Amino acid sequence: MNSIKKYLLPFLCGVLVAMTLHISYRCQKDDDPLPENENVIKFDLNQVSKDAQKAEEAFLSGKTDNVKSVIHEDALKFYKDVIESQSPERLTALGNALKNRKLKNHSEIYAEYEFVEGNKTFTVAFAMTGDKTWKIVRL
């Protein structure tokens, strides 16, 4: 039993020293600044505002081709028939309602505006596309 105690204490001390060195090394490494990543997307309020303005103008034109150009291609598969069935007056009315939009939620790749038409509140959602423009994904 004495021989076990004789070797166990130095062994445990060695393990504790190794753990202390390991922890202190890891703490120093964590304090290093993170490298800049050029691929990180940052929310650009000016760009989403410009693209929302383009969407408003497309609806105000009353032309379905203009409206289709501001809708994301995946969303267009869903909304195409609805857009084509709308009268120019209805598209223009929606454009006028979009003039009073307010940004409610956003992330680096998603922005949601709220607007009022008549007595009802609606939302329109934009998403960033591969070419870094914002297009409508939900209306």
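I began with the lining of the largest pocket, whose residues divide into 9 nonpolar, 2 polar and 2 charged. Here Ala, Val, Leu, Ile, Met, Phe, Trp, Tyr, Cys and Pro count as nonpolar, Asp, Glu, Lys and Arg as charged, and the others, Gly among them, as polar. A note on ground rules: this is a predicted model, with local features needing pLDDT of at least 70 and side-chain atom pairs pLDDT 80 or more, while totals for chains, interfaces and linings use all residues. Residues are numbered from 1 along each chain as its sequence is written, and side-chain values use heavy atoms, leaving out hydrogens and water.

Next, I looked at who lines the pocket. I found 13 lining residues, with Val82, Gln86, Arg90, Leu94 and Leu139 nearest the centre. Two or more residues each come from helix H4 (73–84), helix H5 (88–98), strand S2 (110–117) and strand S3 (120–128). Helices (H or I, at least four residues) and strands (E, at least two) are DSSP runs, numbered from the N terminus.

Then I turned to the rings and found 4 aromatic pairs (Phe, Tyr or six-membered Trp rings with centres within 6.5 Å; planes under 30 degrees apart are stacked, over 60 edge-to-face, the rest tilted). Phe78 and Tyr79 are edge-to-face, at 5.0 Å centre to centre and 85° between the planes. Tyr113 and Phe126 also form an edge-to-face pair, at 5.8 Å and 85°. This pair links distant parts of the chain, Tyr113 in strand S2 and Phe126 in strand S3, 13 residues apart.

Notes
On a 1 Å grid over the protein atoms alone, a cavity is a set of points where a 1.4 Å probe fits but cannot get out, and a pocket is an open set with protein on both sides within 12 Å along at least five of seven lines; lining residues have an atom within 4 Å of a point.
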